[in-house]
Amino acid sequence: MSTENVHLPADSETRRRRFAAEPSDETADPPLDLQIPRVNARALWCDVVCGAHLHHEGLDGYSSLPCTSPQLGPYPSTFPFGQRSHSLQALNDAWTESRCKTTLSAENEVEAQKLANNYKFGFRKWKSHVTERPLEERSEVVKELYSELRVIKPPTGSLISFGNVLYVLLFGWWLALVYVLVSLLMFCTLIGIPYGKLCWQLSGYFLWPFGKSITEGPACARRPERHVQHTLTEEVQENEQDSSFLLPTPVEDSAEEQASNKSSHWKRVSTYVWLLLGYPMLVVFHSVCCLLSWLLVVTIPVAKMNARMVGSILLLPPEDVHISPTKEPQPGEDTALLCCNHAFNVYYYKYTVDGINVFAVNLLPLVIFALVIGYIDKDNRFASSEVKFATAIGSIIPLSYYIGMGIASISAQSNFAVGAVVNATFGSITEMTFYITALLRGHRQGNQCLQEIVKSALTGTLLGCILFIPGVSMIIGGLRHQEQRFNSRSAGVSSSLLFISIGGVFAPTLFSKAYGSLICEGCTSMGTNGTTNTSGPYNCHNCHYDLSENNYTMFHSHVEPLVYCISGLLPIAYIIGLIFTLKTHSHIYDIHVGDTNASGQLGAVVHWSRWRAMFILIIATVLMSACADLTTEHIQPILSRPGISQYFIGVTVLAMVPEIPEIVNGIQFALQNNIGLSLEVGSCIAVQVCMIQIPLLVLFNAIYDVGFVLIFSDLHLWASIFSVILVNYIFMDGKSDYFQGTALVVVYLILLALYYFAPSPAGC
């Protein structure tokens, strides 16, 4: 009997076919009018429940329990239609209220706690691991990234690749030339001829090191004797059936010979001639090559090769270093001093050093550089204010990453209370350091423009977290997974808190428009013939509501108490949100921590212990304050440039640069088909800005008056309200694709265009 085709998600369709294939006690198909509602009910069940689930394909560290539903019907034909409809509705209600928890699996309990924290409201969403991961359980691509280049592997493909040719053009030719010059120098000393021969061989190696391996040991102890040993062992096994380890091996003899060579190596005069003349020059050039290749990231194998050459190979006796083409290794000869077949690997963007991404590690020297030129070169002799501003704002990126890693490490190793406090305090430290330093500098200089810049940065952070981060995540995730689902109930909690926070933050602005005094400047009244007419209409150029402290009645009696009241209510709403989502209604997030591979926290090797993470947090906070001070000190030349609105600088550079690590986290979650966490990344930051950062700024202004008034311009007001309404509309159905993400990003770009062409705020 044919039925209508009902569109189901992929997972729902799979379960439908499985249930359809199961044997049934009923022999007759149900009527058509009952069969279609049965399929729709199952689709509804899977849409509601499975929308909260993580798709485990390609998702490292996450897995989900199968989301199953009991088979509906088929009902016997004698079953009354009214009772069947009533039972169907009751089953749907029961299934909707039931919970099919998402299971988080991790290598240990610390990592599982970090994963669970990602789903908690008020906790920073963090993608990177806080514990060391067993390398043997990871993919071959990742194993290759962390290889020490000591395993002899015959080349699997062609050695003439783009990366290898690029190595020759960037590094190979001048390294080979340096070795030729050092070789000639050692030949001139006569006593250093063995080192001259070694450098001559290494010059050819560094010109094209691919398909070659460097091994250690006397030449007489290499493959020929190994072949003889293999033959003797075969004879013993065939004739006497004795154990081969009873026979003396040339490997044991060569080990003793190598030990004696190394001891006598440091007693030779040629060794010290080499250390004085040849080795220092090579150290300098290898260090330069190592630094450049490390900064390029994709050429990190070249950096490893240079580091191993300086730290080990060049300090060995020259007669023990052998260069040979890479062949299929014999048993026991699968390791070497150095073996590199490829100089280029695009997957090194995943490489981490002590849990920190390599890009954040490479940006750390920028922090030192920014502090040195900022505080030593006071007169701008060596660097302009624009350069100092750019380096200072760029230094915030790695410091934000280290602060995020420290917060995630402490939260994963602590209880709920400690994690919530750390996230609420240090989670906003990046932005708060800039806001407070800007307000202090503006108060000391009497520059009201910096206060407007702070308000623009606050609004820019809201717009970026509400529109840009979810939009980019939806686009990238949608291009890879076509359609993604998320828990609309948990997203609804964040949306409700966004409405509360936006309404509270902009309530004083709405109040000012209702009851403030409109002040107009630059007004002229012209008659019909160009003469002055005092009774005619006025032409005004600058009108605004006067809410300054000079207007004592309005500000001190009405606006200021309203600001203090709202600043007290917003943190209370934040605490209520924490209790609601983490305690009384934690089932909304449908999270269950499954069994871990490790027996407990003692089995986890954490990158940062709690005390180390706290120490790094404090150091990073101090450095962040210094960089924020340099940013506000050298921002004035940027603000004075004609053609660029100060609004635009605040909502873009100052607002979004500190959020770059969060943007990266959101994109990574979306790529792993976990769009729910991508959306929570932006919502969490936006809620913290309104419910924690702004009340803290009001409290700081109450303690030390810097003239900060919680009154925003019309552009900030309507842009924020429109963004929140748009996001809530898109989040309603619990589905996302690249089209919805494109809509959010386009709206964000339109708002940036408004800020770019908007006139500069008053006082700038």
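A residue is called buried when its relative accessible area is under 20%. Cys199, at 0% relative accessibility, therefore counts as buried. Keep that cut-off in mind as we walk through this predicted model.

**The whole chain**

Let's start with the overall picture. The protein has 764 residues, and buried residues make up 49% of them. Its secondary structure comes to 27 helices and 13 strands.

How confident is the predictor? The mean pLDDT of the protein is 76, and 71% of its residues reach 70 or more. Over residues 1-85, however, the pLDDT is below 50, although this stretch has 121 contacts in the model beyond near neighbours in sequence. Residues 596-602 also have a pLDDT below 50, and that stretch has 16 contacts beyond near neighbours in sequence. Where pLDDT is low, the predicted coordinates should not be read in detail.

Next, look for an open sheet of three strands, in the order S3-S2-S4 and with antiparallel pairing. Strands S3 (321-325) and S4 (338-339) stand at the edges with a single partner strand each, so one side of each is left without a neighbour in the sheet. Strand S2, which covers residues 212-216, pairs with S4 in the antiparallel sense over two bridges. Which residue in S4 is the bridge partner of Ser213? That partner is Cys339.

**The nonpolar cores**

The largest nonpolar core holds 117 residues, and those touching the most other members include Tyr435, Leu458, Leu697 and Phe708. Helix H25 (residues 675-703) gives this core its largest share, 14 residues. What does Tyr435 touch, not counting residues up to four places away in sequence? Its contacts are Val454, Ala457, Leu458, Thr461, Gln693 and Leu697. There is also a second, separate core of 36 residues, with Trp174, Phe206, Val302 and Val310 among them.

Ser720 is found in helix H26 (residues 714-730). Is Ser720 buried or exposed? With a relative accessible area of 1%, which is under the 20% cut-off, Ser720 is buried. Leaving out residues up to four places away in sequence, Ser720 touches Thr459, Leu462, Leu463, Ile502 and Phe506. Ser720 and Leu462 are 258 residues apart along the chain, but their C-alpha atoms are separated by 7.2 Å.

Gln740 lies in helix H27, which spans residues 738-757. Setting aside neighbours within four places in sequence, Gln740 is in contact with Met474, Ile730, Asp733 and Lys735.

| Residue | Relative accessible area |
|---|---|
| Cys199 | 0% |
| Cys465 | 1% |
| Ser720 | 1% |
| Gln740 | 16% |

Gln740, at 16%, is buried because its value is under 20%.

**The cysteines**

A disulfide is a covalent bond between the sulfur atoms of two cysteines. How many disulfides does the model have? The count comes to zero.

Methods
Residues numbered from 1 in each chain as written. Predicted model: local features only at pLDDT ≥ 70, side-chain atom pairs only at ≥ 80, totals over all residues. Heavy atoms only, no water. Pairing = 2+ DSSP bridges. Helix = DSSP H or I, 4+ residues; strand = E, 2+ residues; numbered from the N terminus. Core = buried A, V, L, I, M, F, W, Y, C linked by side-chain atoms within 4.5 Å. Buried < 20%, exposed > 50% of the residue type's maximum accessible area, 1.4 Å probe, protein only. Contact = heavy atoms within 4.5 Å. pLDDT = per-residue confidence, 0-100. Disulfide = S-S within 2.5 Å.
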